[in-house]
Amino acid sequence: MTQMRKAGFLFLMLVPILASAGEKDSLLQILKKAKSIEGEYIGITADKSEVYKAASELWNICSEKELVKLTGNKDPEITCYAFLGLLKKNADPRLLEEIVSKHSKDLQRTQMHNGCIEWPITVKDYMEMMLHNFMLDPGIKQQLDSLYINGK
């Protein structure tokens with residue numbers, strides 16, 4: 001392979017990676033600027049949330065490992081959206097429990113916005129609430145119950 005072809009091949013391989021990194025950064029900026037955790041629909045007219053849409057796009061392009069890393073972000077909104085992404089990807093219940101445990105004293109405050117209601121919430125409370133909500137899924141609930149009861 002000639003030097004020019006090698007360079008072209010390398011360029012074609014790097015473009016999607018660089019584009020993905022740029023897209024992640026722009027999506028993270030949207031979440032950071034939001035200063036609240038929005039549900040899929042907000043407002044009295046139940047408009048689709050652009051912030052939630054950005055979070056959904058982030059979940060689609062991030063690996064589970066990347067989302068786990070984002071749960072350690074200094075911004076509470078990014079931390080919470082990353083955790084929600086892990087829940088939506090049906091991450092291992094042990095991993096979820098480990099993340100919740102790491103944030104058991106995380107009292108960073110943000111706002112939760114769902115429908116036309118908005119209220120203050122801490123990262124700790126958000127994670128516990130969302131974990132409980134997702135536990136309603138019988139498969140996840142059974143796995144978590146087994147983890148709590150049997151330790152496996």
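This is a predicted model: local features need pLDDT of at least 70, side-chain atom pairs count only at pLDDT 80 or more; totals for chains, interfaces and linings use all residues.

Reader: Why is α4 called roughly antiparallel to α5?

Author: Angles over 145 degrees count as roughly antiparallel. The crossing is at roughly 160 degrees, so α4 is roughly antiparallel to α5. The crossing is left-handed. Phe83, Leu86 and Leu87 of α4 make the contact with Leu96, Ile99 and Val100 of α5. By class, that contact has six nonpolar residues, with no polar and no charged ones.

Reader: How do you know whether tyrosine 81 is buried or exposed?

Author: Buried means under 20% relative accessible area. Tyrosine 81 has a value of 0%, so tyrosine 81 is buried. This residue is found in helix α4. Beyond its neighbours within four places in sequence, tyrosine 81 is in contact with several residues, including Leu31, Glu38, Tyr52 and Trp59. The C-alpha atoms of tyrosine 81 and tyrosine 52 are separated by 8.6 Å, although the two are 29 residues apart along the chain.

Reader: What makes β2 and β4 stand at the edges of the sheet?

Author: The open sheet has four strands in the order β2-β1-β3-β4, with mixed pairing. β2 (47–48) and β4 (117–122) each have a single partner strand, so one side of each lacks a neighbour in the sheet. As for α4, this helix packs on the sheet and touches β1 and β3.

Conventions. Residues are numbered from 1 along each chain as its sequence is written. Side-chain values use heavy atoms; hydrogens and water are left out. Axes are lines fitted to C-alpha atoms, for helices over the stretch in contact, and angles run from 0 to 180 degrees between N-to-C directions. Helices (H or I, at least four residues) and strands (E, at least two) are DSSP runs, numbered from the N terminus. Angles under 35 degrees count as roughly parallel, over 145 as roughly antiparallel, 65 to 115 as roughly perpendicular and the rest as oblique. A crossing is left-handed if the near helix is turned anticlockwise from the far one by less than a right angle, and right-handed if clockwise. Contact means heavy atoms within 4.5 Å. Ala, Val, Leu, Ile, Met, Phe, Trp, Tyr, Cys and Pro count as nonpolar, Asp, Glu, Lys and Arg as charged, and the others, Gly among them, as polar. Buried means under 20% relative accessible area, exposed over 50%, partly exposed in between (1.4 Å probe, protein chains only). Two strands pair if DSSP finds at least two bridges between them.
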